[in-house]
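Here is a short briefing on selected features of one model. Please keep the structure in view while reading.

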Amino acid sequence: MSTIERPEIRPTGLLTQSWAIARRNFLHIKRMPEMLMDVTIQPVMFVLLFAYVFGSSIDVATPAGYRAFLLAGIMAQTVAFASFIVAVGLTADLEKGIVDRMRSLPINPAAVLVGRSMSSLAHSSIGLVVMSLTGLVIGWRIHTNVFEAALGYLLLVGWGFAMIWVGIWVGSAMRSVEAVNGVMFATMFPITFLANTFAPTDRMPTVLRFIAEWNPISSLTQAVRELWGNDQPLAAGAAFPMHHPIPFTIGWIILITAVVAPLAIRTFRARTAD
């Protein structure tokens, strides 16, 4: 009696497997374009709202005014919110059993997380492009050289990468999308607003100013402003990170990734082992 031979499953590399999973997430966006609202419509609304509604009452000492000052802060907030998107997406996949189905395939378990990271970085990068184009329309410009301009964008993407691991950690630890929304909303909004993202810190009360200037989001925002030539002179008594924002931002990216990534991987493995 003849036997039916099954086709051989050829092993592929981690990058190929990760790209396949990332492509799945891109297909979701293609079929549901509203998933891009958080990096298209929302940032544009923030830019226009702060530039034209609140900008008239906030004085800054930058050559191009508040609109140029604002863009770096909006971009920093958007890449920080990458953790929010990753956490929600991962938790939804875990709830629906999609991750279990992926892991039942002959793939590297890390491909699930790497693929999610790749798609999330692309997602955040779309937001940076949209905000840059919006900024050009309202009068924002980069006043430095190509290298410094590229380094500013690189810091934003690097920060987004670190935030993705935060999102993976939270998404693996929470048991529902509702819980993720509650935790991320209660943490990310205060962190991004209690900083120099939308207003200078020198007029804040002493305690709030101390917290804001040591907030890593502030060092990221200040670094990008300096690299793009949109910063203003530091006020007297500015905290140490404000004087050295670029090395502080790089240090924060490395520290957050080094600490949170192993925790995220461990939590993800524990969750999927249930």
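Helix H2 (residues 41–54) has 14 residues and spans 19 Å from first C-alpha to last, close to the 20 Å expected at 1.5 Å a residue. The expected span is 1.5 Å times one less than the number of residues. Helices (H or I, at least four residues) are DSSP runs, numbered from the N terminus.

This is a predicted model: local features need pLDDT of at least 70, side-chain atom pairs count only at pLDDT 80 or more, and totals for chains, interfaces and linings use all residues. Residues are numbered from 1 along each chain as its sequence is written, and side-chain values use heavy atoms, with hydrogens and water left out.

- Pro43, Phe46, Val47, Phe50 and Ala51 are the buried residues of H2. Buried means under 20% relative accessible area, exposed over 50%, and partly exposed in between (1.4 Å probe, protein chains only).
- Seen down the axis of H2, these buried residues fall within an arc of 110°, so they line one face of the helix. The arc is that of the directions from the helix axis to the C-beta atoms.
- They pack against helix H3 (66–80), helix H6 (110–138) and helix H8 (177–193). Contact means heavy atoms within 4.5 Å.

**Salt bridges**

- The count comes to two salt bridges. The rule asks for a side-chain nitrogen of Lys or Arg within 4 Å of a carboxyl oxygen of Asp or Glu.
- Arginine 203 pairs with aspartate 202 at 3.9 Å, N to O. Arginine 203 is exposed, at 55% relative accessible area. Aspartate 202 is partly exposed, at 32%.
- Arginine 209 pairs with glutamate 213 at 3.0 Å, N to O. Both residues are buried. They are four residues apart in helix H9, and therefore separated by about one helical turn.

**Nonpolar surface patch**

- Val207, Leu208, Phe210, Ile211, Trp214 and Phe240 make a nonpolar surface patch of about 610 Å². Patch residues have over 30% relative accessible area and no salt bridge; like charges are joined within 9 Å, nonpolar side chains (Val, Leu, Ile, Met, Phe, Trp, Tyr) within 5 Å. Areas come from the Shrake-Rupley method with a 1.4 Å probe; for residues, only the protein chains shown count as cover.
- Helix H9 (residues 206–214) gives the most to the patch, with five residues.
- Leucine 208 lies in H9. Its relative accessible area is 36%, so leucine 208 is partly exposed.

**Isoleucine 85**

- Isoleucine 85 sits in helix H4 (residues 82–96). At 34% relative accessibility, isoleucine 85 is partly exposed.
- Isoleucine 85 touches Asp38 and His123, not counting residues up to four places away in sequence.

How values were computed:
Helices (H or I, at least four residues) and strands (E, at least two) are DSSP runs, numbered from the N terminus.
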